[in-house]
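This briefing is intended for reading alongside the sequence and the three-dimensional view. Please keep both open while going through the points below.

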Amino acid sequence: MKEKIIDRGHYVEVPVPAGATLVPAGQRLAVCGPLSGSCAYALEAGASLDLCLLAFPGESAGTELTVDLLGEGAEASLSGLYVCREGEYSLKVTVRHRVGGCVSNQLFNGIVAGSARSAFDGRIIVAPDAQKTKAYQTNHNLLLGLEARAETRPQLEIYADDVECSHGATVGRLDEAGQFYMQSRGITEKEARVLQMISFLSPVLEHVPEGRREEVAARIEQTVRSL
Amino acid sequence: MNENDILLEIRGLHASIGGREILKGIDMVIRKGEVHAVMGPNGAGKSTLSAVLVGRPDYVVTAGTVTFLGQDLLALSPEERSWAGIFLSFQYPIEIPGVSITNFMKAAINARRKAQGLDELSPSAFIKLMKEKMALVQMKGEFAKREVNVGFSGGEKKRNEIFQMAMLDPTLSILDETDSGLDVDALRIVAEGVNALRSPEKGAIVITHYQRLLEYIVPDVVHVLKDGRIVETGGRELVDFIDRNGYDGFKA
């Protein structure tokens, strides 16, 4: 989807959060972990941020993540997974494209089981004159059980006219066709569910730094088996 | 011929989906060593027959029995049917992103071994088995690492089905329109894979609309399915008859 909205009237400049981690021009920062609470990053020209949020059950009640793209050519890759078994989990992501020529990519997948509730609130703000912005956002949620609830609110606020932005959000259940395909190969119903959940979270796993991927994959498997 | 030769016995099978009756009384006996072709026009119920035999949950059997090697097949779950030795090559194989062929097959093989009270296959024995069966359908080494059916061409998907069939070594294989969307080379690879698995103890049902696949996999018995019923059963000469005359001459 290509968004073309020009409306300078509603654009409000807000300051970069005081405690934000600055990624200096041309530098790269990689972060991977639960990232509980408030996290803010500000990227100078040509800087890049690779962030991977891993919220396993009971480790985090939520994250509020803010990323400011301050200089041309900055790139933010934001990904993450959340697995909720009980209680509430909220993820609020705000990406502000303050100048043009930056790229932001968001991919957040969550599994919500039992009586848990999740809320994803994702905002992309593209400032006036931040032309040639590329900003993408995806949030997929997998519900297990009838009591689980997932809320997703993708929002685009675009004040420039030459940008490429997209967002996609889904809330769904395990795929019956996939389930049956696996069972027809002798994989038990329970094991097929495990494989489907691993499959669902796998796009996020690709964003985990290579040195930690095996460990995180094992953690994912152990977690989804317990659901 | 005696009772012990019978692999699969279908009697008076009726099945429906969403309240609509598709199979209206199917009778079929498959003996060990036999390959049966089920041919028929679109909408005859060919795929429904295969779906019912492997226990797809959206189909409801309303009457009839299916006995496989003496046991009541319809009482078994899809995975139990697989463990018992039934395999379906899907017309439209499903993609499973993030799950490699290796992990998928490991899960399948070990689930069956567990159900049979056996230990998991050793990693070296598993790799050896994978290599052997990949060679059968001319799949190269990297195939094992690919995600199940993700980004596969039509031919690769069907070869992957035959590969899985070879891995699971079923007693009764059901090929549902395995020829659809295949070019001649892929068709030959698939057919050679299937033929290599033929044995006097096993059987197969080849479901197809066209005679093309049956030039490569020669059936012992041919059934014509039309409007949910088998309207004709004969030898391989029936394939040529259909090729020349189509299905219009058969009365449902």
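Which hand, left or right, does the crossing of helix 4 of chain B and helix 5 of chain B have? That crossing is right-handed, a crossing being left-handed if the near helix is turned anticlockwise from the far one by less than a right angle, and right-handed if clockwise. The model is predicted, so local features need pLDDT of at least 70 and side-chain atom pairs count only at pLDDT 80 or more, while totals for chains, interfaces and linings use all residues. Residues are numbered from 1 along each chain as its sequence is written, and chains are lettered from A and ligands numbered from 1 in the order in which they are written.

**Helix packing in chain B**

- The axes of helix 4 (residues 123-136) and helix 5 (residues 154-168) of chain B come within 9 Å and cross at roughly 135°; helices here are DSSP runs of H or I of at least four residues, strands are E runs of at least two, and both are numbered from the N terminus.
- Axes are lines fitted to C-alpha atoms, for helices over the stretch in contact, and angles run from 0 to 180 degrees between N-to-C directions.
- Because of its angle, helix 4 of chain B is oblique to helix 5 of chain B; angles under 35 degrees count as roughly parallel, over 145 as roughly antiparallel, 65 to 115 as roughly perpendicular and the rest as oblique.
- Helix 4 of chain B contributes B:Leu129, B:Lys133, B:Met134 and B:Leu136, which meet B:Phe163, B:Ala166 and B:Met167 of helix 5 of chain B; two residues are in contact if their C-beta atoms, placed from the backbone, lie within 7 Å.
- By class, this contact of helix 4 with helix 5 of chain B has 6 nonpolar, no polar and 1 charged residues; Ala, Val, Leu, Ile, Met, Phe, Trp, Tyr, Cys and Pro count as nonpolar, Asp, Glu, Lys and Arg as charged, and the others, Gly among them, as polar.
- Helix 5 of chain B also packs with helix 6 (residues 184-196) of chain B, their axes coming within 10 Å and crossing at roughly 5°, which means that helix 5 of chain B is roughly parallel to helix 6 of chain B.
- On the helix 5 side of that contact are B:Gly155, B:Lys158, B:Arg159, B:Ile162 and B:Ala166, and on the helix 6 side are B:Ala186, B:Ile189, B:Val190, B:Gly193 and B:Val194.
- The contact of helix 5 with helix 6 of chain B comprises 6 nonpolar, 2 polar and 2 charged residues.

- Helix 1 of chain A passes helix 2 of chain A in a right-handed crossing.
- A:Gly178, A:Gln179, A:Met182 and A:Gln183 of helix 1 meet A:Glu189, A:Ala192, A:Leu195 and A:Gln196 of helix 2, a set made up of 3 nonpolar, 4 polar and 1 charged residues.
- The contact between the chains takes 16 residues from chain A and 20 residues from chain B.
- On the side of chain A that touches chain B, the elements giving two or more residues are helix 1 (176-184) and helix 2 (189-205) of chain A.
- That side of chain A has 7 nonpolar, 7 polar and 2 charged residues.

- Most residues other than glycine have a negative phi.
- B:Leu69 counts as partly exposed because 16 C-beta neighbours lie inside 10 Å; a residue is buried if 20 or more other C-beta atoms lie within 10 Å of its own, exposed if 12 or fewer, and partly exposed in between, with C-beta atoms placed from the backbone.
- B:Asn149 has a positive phi near 65°, and occupies the loop between strand 8 (147-148) and helix 5 of chain B.
- B:Asn149 counts as buried because it has 21 C-beta neighbours inside 10 Å.
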